[in-house]
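User: Hi, I'm new to looking at protein models. Could you walk me through this one with some questions and answers?

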Amino acid sequence: MTTTPGGLLLVLAVLVPFVGVLAAFALGGRNAQRVAMVTILAGLGIAIAVAAAVAQSGDALVYLLGGWGVPLGIALRADGLAVVMILAVAVVIVGIGVYARADFATPPGVREARAPLVFWTLLLAIWGSLNLVFVSGDLFTLYVALELLTFAAVPLVSLDGRAETLRAALRYLLYALLGSILYLLGTVLLYGVYGTLDIALLAARVQPEPATLAAAALMTAGLLAKTALFPLHLWLPPAHAGAPPAASAVLSGLVIKGSWFLVVRLWFDVFPDVVTAPSAQLLAGLGAAAILVGNVVALRQARLKLMVAYSTVAQIGYLFLMFPLALDPASARLEGGGALAGGMMHAVSHATAKAAMFMAAGVIYAALGHDRIAGLAGIGRVLPVSVLAFTLGGVSLIGLPPSGGFLAKWLLLAAAVATGQWWWAAVMLVGGLLTAGYVFLVLARALASGAEAPALRAPVPRSQEAVALALALGSMLLGLVAFTDVRFLGIGR
Amino acid sequence: MTDAATLFGLLAAALVGIGLYALIVNPQPLRKIVAFNVVGNGVFMLFGAIAHRGAGSGWGGDPVPQALLITGLVVAFSASALAIALLLRLHDVAGSATLATDAPARVSPDGNAADA
Amino acid sequence: MIEALNLGTALVILALAVWTIAARDTFAAVVGFVAYGLLLTLVWVQLRGIDVALTEAALGGGLTGAMLIGAAARLRRTEGAARAQRPGVPTRVAAALLAGCVTATLAVAVLGLPDPAPTLAPETAANIAATGVGNPITAVLLAFRAMDTLLEAIVVLFALVGVWSLAPDRAWGGRPGPLQRADPDGILAYLARVLPPIGVVVGVYIFWIGADRPGGKFQGATILAAMWLLAVMAGLVDTPPIDRSRLRIALIAGPVVFIAIGAAGVAFAGAFLAYPDGFAKLLIKVIEWALFPSLAVTLALVVAGAPERTGT
């Protein structure tokens, strides 16, 4: 393995956001937001450059840090999967950056305020950490990346300083720390058996022996706690609902995808021969439970933000249905293919749709002073853009064409039919119906005629509504990539 | 030399189990933080036992795991610091230090979620 | 006999670990944890990891223990209420089964580890000459896997931002921690006058020799941080307000220098964090000299907590 041309872009993808963090922190005050804006633009440019480089070379980008070869040194590696995630995250971060300008501007007359400084610094921190998760080719560096991500995400939950968000943040932190230490335990075992922490080398050396199976189980369990897959999901709803809307969008849309991506990376790239069919079925079984439980509980929520948070719990379940569907019955190993593409498409589509939904819910909360669903009657007349954004995001989650959610479910259903696992198809269809239930519940309430339109407590920043709508439209149109010729996912695999 | 590694490897396994039990069972967040540290120590000790088994080239242990252990200890310390700070702030604001799952769906008359 | 010593240490550690869960009083459990942390240092010495032993003693036993004891003291009044929430027998049995499974699996894995053990010691030995340092752990931390060390410095900074975010809005920009007014003639003030000069010398020495003997910046920085915290607790110095730009620059200086040298490596040595031939030891020293004070300040402030007081 040697450094490929353009590999330096991977270093930039990780370090530009981190340099932004350092600059925002040191300059402080209003400059933190300015630094964040500049960094976001730079980071978007780098993400596009990475995608272009990979598409052009047709192979993965590799970078050997320090010039040292593996296994002694650390390699960064970006294949098609990583590129898709890097691009998706960059786009959503741009949207959140624009949205948050209205919420986290430093008030005039104040040199530096707590919430804005913390938000802008940690937004960039989350971004850099996510990029590191996507491109790192070393298991220990991935552990550090997971911890970076946790430390950056947890304080955003308790940003408003209330007791219940502090409690939610502490609970999130404890689950996340348990998750990372279990992941590290698995990494340690793998080093003890194979003498390397490099993903590519491990992929070549790994055998289905007891220690390896134990390591795989421990790492997966740890990552499931961080991804809030049922039954380890209890921390998520209060945390994501209690955070400020811009933070909820980051947490639900992006941060969750980091630990999920690691499960994909491990199962498909390190353990494809080691994972067994029953374990894949178990993982998808937990996913199915998440879909059912998450959706049913979402239907019963009285508050909009909590409903959206429980919707996240359900949508995470879909991300795990792909594992048994990717198991090739002939070779008994995980093969990238339609199921993998479906899972990735779902991750990207959910990231944009959920961010849009939280943004819209945030606008509604700020405008009305509350987010009780019962009190939303007639709001479609005063906040039409936000309601439209929320609905389009929901439609993408339900899986109607031409949304990304539709394409994702299409691919997963096709894989289910091809491998004869019709029960997962049934789960997906039921899940879609339940999702439709609460999306249309909100929509019906918002469009209720006869009720007098609620008074707006505060003027609504049009930029916030516009960004929410833009992300929701993006999610609705993602399904159209099926008609393009871009075949990213297979590059470098 | 291998016996020390095996002994401490088994001790590490026991520590991970003890810490995991405590993390699940103890209701007090501070005890959970202590339990997390016990699990962490177990993981680090296992890594250290593996490092000792890899001794060679004139050194007492494989330097790569030992170096990574130092990184791990620093990360674990930072995690404990953040958790303790969160816990103390929760105590200051709420007067109690429990993680009792209070559903924030409790709604006060003005429509905002009430503090638990 | 060494074997008996190891076995004895292991048993005491096991007993202390059980004590930390079983003890009714949280304060007693935390004190037990600190003792157990110090015993762990002995284990590291037995496993020939002196650098790790130093780090464990300073960070794991020292600073973490101080934080836990401080927290346990502040939370004493909530003991009763919290204890009433202990889960019922079914949960405890399930947890015990789960923990037992994990321990058993790990024990089987440990006993089944391959012999001869795979190791990267030969590779390290083959490449260490290029780095110019004698301590192989320093070579791994600052040459072969320098990225991990850079990320680690950044991780501590993230934790600091997180701790600071917990300040009440009115106290933002102020000084961390409550105002300490220890008795100026008391033992704490005496220790805080006598120990820090010695501690600073020891800390700097441990940092200095880290290139060729066990030691290094993290251990040295921790000792410096602990000395400063001691002086703060005794009321001899006060914590700085967090909005001072000099403080912020001191905090980021280490990582910034590290990144700058790494970037220079792209131009002069062909890769990020690569060192040009012959300059490796010098550049490693520069990075360590920059990281050492930044780390000391960051570690100290992380323990000092969120801002609580404004004003002078």
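This is a predicted model: local features need pLDDT of at least 70, side-chain atom pairs count only at pLDDT 80 or more; totals for chains, interfaces and linings use all residues.

Analyst: Residues are numbered from 1 along each chain as its sequence is written, chains are lettered from A and ligands numbered from 1 in the order in which they are written, and side-chain values use heavy atoms, with hydrogens and water left out.

User: Let's start with chain A. What radius of gyration does chain A have, and why does that agree with a compact globule?

Analyst: The C-alpha atoms of chain A fill a box of roughly 65 × 55 × 45 Å along the principal axes. The radius of gyration is taken over C-alpha atoms, and the globule rule is 2.2 Å times the number of residues to the power 0.38. Chain A has 493 residues, so a compact globule would come out near 23 Å, and that agrees with the value for chain A, 22 Å.

User: How far apart are the C-alpha centres of domain 1 and domain 2 of chain A?

Analyst: Chain A is split into domain 1 (1-274) and domain 2 (276-493), with bounds that come from an automatic or database domain assignment. Chain A also holds 17 helices and four strands; these are DSSP runs numbered from the N terminus, with helices being H or I of at least four residues and strands being E of at least two. Between the C-alpha centres of domain 1 of chain A and domain 2 of chain A, the distance is 22 Å.

User: Which three residues supply 17% of the area that domain 1 of chain A buries against domain 2 of chain A?

Analyst: In chain A, 53 residues of domain 1 are in contact with 51 residues of domain 2, where contact means heavy atoms within 4.5 Å. Together the two domains of chain A bury about 4400 Å², 78% of it on carbon and sulfur atoms; buried area is the accessible area (1.4 Å probe) that two parts lose on being put together, summed over both. The trio that supplies more of domain 1's share than any other three residues is Y99(A), W260(A) and F268(A).

User: Now chain C against chain A. How many salt bridges are there between chain C and chain A?

Analyst: Here 47 residues of chain C are in contact with 53 residues of chain A, and the buried area is about 4300 Å², of which carbon and sulfur atoms give 77%. On the chain C side, R145(C), F158(C) and W172(C) lose the most area to chain A. Side chains of opposite charge can pair when their charged atoms come close. The count of salt bridges between chain C and chain A is three.

User: Which residue forms a salt bridge with E112(A)?

Analyst: A search of the whole structure finds 16 salt bridges over all chains. This pair crosses between chains, from the loop between helix 3 and helix 4 (114-135) of chain A to helix 11 of chain C. The closest N and O atoms are 2.7 Å apart, and the partner of E112(A) is R248(C).

User: And chain C with chain B: which residue of chain B meets R74(C) in a salt bridge?

Analyst: Chain C has 89 residues in contact with 73 residues of chain B, and the two chains bury about 7100 Å² between them. The count of salt bridges between chain C and chain B is one. At 3.1 Å from N to O, the partner of R74(C) is D92(B).

Key: A salt bridge is a side-chain nitrogen of Lys or Arg within 4 Å of a carboxyl oxygen of Asp or Glu.
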